[in-house]
Amino acid sequence: MRNEKNETRGGNKVDGGFYLNRKTWDLVTVNGKKGVLPGNPDNLFLKVPTVAMLAVAPVLGATLVVFLPFVGFVLFAVAGFRKVAGLDKTAKAAEPARETR
């Protein structure tokens, strides 16, 4: 069931706060007491309470801090595997030209 009170469309004038674009999952901040949401009327925004943002922000930050090193390890392992398997085209040096007489 939708709460139509917290939903609004792009281009509308709204109160300041945090708005989540339901189509692209972008988080938009409207500064000040009033502002205009970006985009066209096809974009549907959901107002996110400030207290919820204060609770979710540290969790998202901690997830990034924990997840980012694993991404680095995986990329390092994939690059090493590609080099060992001979799939890395940039690792092959160009052979020097040979003179023929």
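Biologist: What should I know about the numbering and the cut-offs?
Modeller: Residues are numbered from 1 along each chain as its sequence is written, and side-chain values use heavy atoms, with hydrogens and water left out. In this predicted model, local features need pLDDT of at least 70 and side-chain atom pairs count only at pLDDT 80 or more, while totals for chains, interfaces and linings use all residues.

Biologist: Why are β2 and β3 called paired?
Modeller: Strands are DSSP runs of E, at least two residues, numbered from the N terminus, and two of them pair if DSSP finds at least two bridges between them. β2 (residues 13-21) and β3 (residues 27-36) have 7 bridges, in the antiparallel sense, so they pair.

Biologist: What lies between β2 and β3 in the hairpin?
Modeller: There are 5 residues between them, and W25 in the turn has a positive phi of about 60°.

Biologist: What makes β1 and β3 edge strands?
Modeller: The open sheet has 4 strands in the order β1-β4-β2-β3, with antiparallel pairing. β1 (7-9) and β3 each pair on one side only.

Biologist: With which residues is V30 in contact, leaving aside its neighbours within four places in sequence?
Modeller: Contact means heavy atoms within 4.5 Å. On that basis V30 touches V14, D15, G16, G17, Y19, G35 and L37.
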